[in-house]
Each structure stands twice: as structure tokens, then as C-alpha cells.
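Take a look at the model below. We start with its pocket, then turn to its charged side chains.

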Amino acid sequence: MKNIFMKTFLIQTAALFALATSLFAQDAKPFAADALAYDSGKPMAWYHAAYVAGQKDSDFVEKEILGIINSKELSYEALRLCVKLLKENVSEKSIEPMLALFDAGVDPVLPCEVLLAIATEKSDKAMQAALVKHASNEKIRNEILITMGKRADRINLDSLEKYAASDDALSAKLAIVSIGQIPCQSSLNILNAVLEKTA
């Protein structure tokens, strides 16, 4: 019985490996139309093909996604999967489309995940600008504050410091926590100043 199980396992593993090898060897094919037609529960072949394509040509995958990412026809589930792909195949070209997603009112976690994956100063500047633009939007504001903490870059300290003294208790707490994630003397100085004010 054990031998039969092992044989079945080896056959299935070999089949999966052959499928993956076959997909990798194929030329990348446009998937934007399939992504637009996708919704929860439907086949995800386009996603898997795009994932494999990204291993060979990240520019192709990013271009395909950016062509549809701001479309109103894209379902939430398709948008979520596109963001998942984009994080692995992202460049500064994706910054402006992510800012547009904030404007469109989608879950701010999604554009923030992509901006976090872009490890450049331009992405930080974009988050800072979005924080100012959407200061009155609690969800966007707080998600950007959280993302700045994950970023752990001192370039965002000025923005975070402004919210550390916010009248909004949650935003102030998130800003303080994010400041604590940035390892530098300036962070300690800001946190000490906050403690003095609340003492």
C-alpha cells in the first residue's frame, strides 16, 4: 500500500513539473482580457500563466496589468490578483496608476502594497503626496501611515511626525508605531518629544 502511494505521488509530482516546464517554455501571452472577465470562482488559468510569464519578462506582466488596473470592469477579486502579480513585477511605472486607485476609492491596502514593493524614493514621495491629498479619508490616511512604518525609511519621518500629534487617536497611534519602526536617532527624538507632551 505504501509503495502504491509513493508511486502515485511521484507520478503526480512529475506531471506537475512537466506542466510547469511547458508553461515556462512558452512565449508570454496577453492575459488582460481574461483578467477583466475574471471574478471569484472562475478559472484562474490566466493568473497562473501570468505568474510564470513574470519569471521571464516582468516588464510584459507589468504592462499588461497597468493597461487594466484602473478599469471599472475589473472585479475586486481580479484587482486583488493583479496587485499580487504586480508586486512581483513592479517598477516606478506603477506609481501613478496606484495613486489613481486611491482616487477611485478602492481598498487602500491594495495600492499601498504595490507602493511598498517599489523600493525607491519616488514611491515614498508619492505616498507622502497621497497622505496630504487624502488627509480627510481615514482609511487611506491610516493605511499610508502603516505602510510608511513597514517601509522603515527616515525619509517619511516628517510626514509621520505630523500625525503623531494628531487629534485622531488611531492615526496618532499608527504614526507613533511607524516612527518606532524606523531605526535612527531622529525617530527616538520624535518619540521622546511625544512622551514629554503626553506626560
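H6 supplies the largest share of the lining of the largest pocket, three residues. A pocket here is an open set of points on a 1 Å grid over the protein atoms alone, where a 1.4 Å probe fits, with protein on both sides within 12 Å along at least five of seven lines; lining residues have an atom within 4 Å of a point. The volume of the largest pocket is about 190 Å³, counted as the space filled by probe spheres set on the points. Its lining includes Ile69, Asn70, Tyr76, Leu79, Ala100, Leu101 and Ala104. Helix H5 (76-88) and helix H6 (95-104) are the elements that give two or more residues to this lining. Helices are DSSP runs (H or I, at least four residues), numbered from the N terminus.

The model is predicted: local features need pLDDT of at least 70, side-chain atom pairs count only at pLDDT 80 or more, and totals for chains, interfaces and linings use all residues. Residues are numbered from 1 along each chain as its sequence is written, and side-chain values use heavy atoms, with hydrogens and water left out.

Now the charges. Side chains of opposite charge can pair when their charged atoms come close. A salt bridge needs a side-chain nitrogen of Lys or Arg within 4 Å of a carboxyl oxygen of Asp or Glu. The count comes to five salt bridges.

One of them joins Glu113 and Lys87, with the closest N and O atoms 3.5 Å apart. Glu113 sits in helix H7 (residues 109-117) and Lys87 in helix H5, so the pair ties together parts 26 residues apart in sequence. Glu113 is partly exposed at 30%.

Asp103 and Lys133 also meet in a salt bridge, at 3.2 Å from N to O. Asp103 is in helix H6 and Lys133 in helix H8 (residues 121-133), 30 residues apart. Lys133 is exposed, at 57%.

Where do Arg151 and Asp124 stand, buried or exposed? Both are buried. Their salt bridge spans 3.0 Å, N to O.

Glu64, in helix H4 (residues 58-66), is buried yet has no salt bridge. The nearest side chain of opposite charge, Lys63, is 7.2 Å away. The side chain of Glu64 instead reaches the backbone nitrogen of Phe31 at 2.8 Å.

Notes:
Buried < 20%, exposed > 50% of the residue type's maximum accessible area, 1.4 Å probe, protein only. Lys, Arg positive; Asp, Glu negative; His and termini not counted. Polar contact = N/O pair within 3.5 Å; in protein donor to acceptor, adjacent residues only side chain to side chain.
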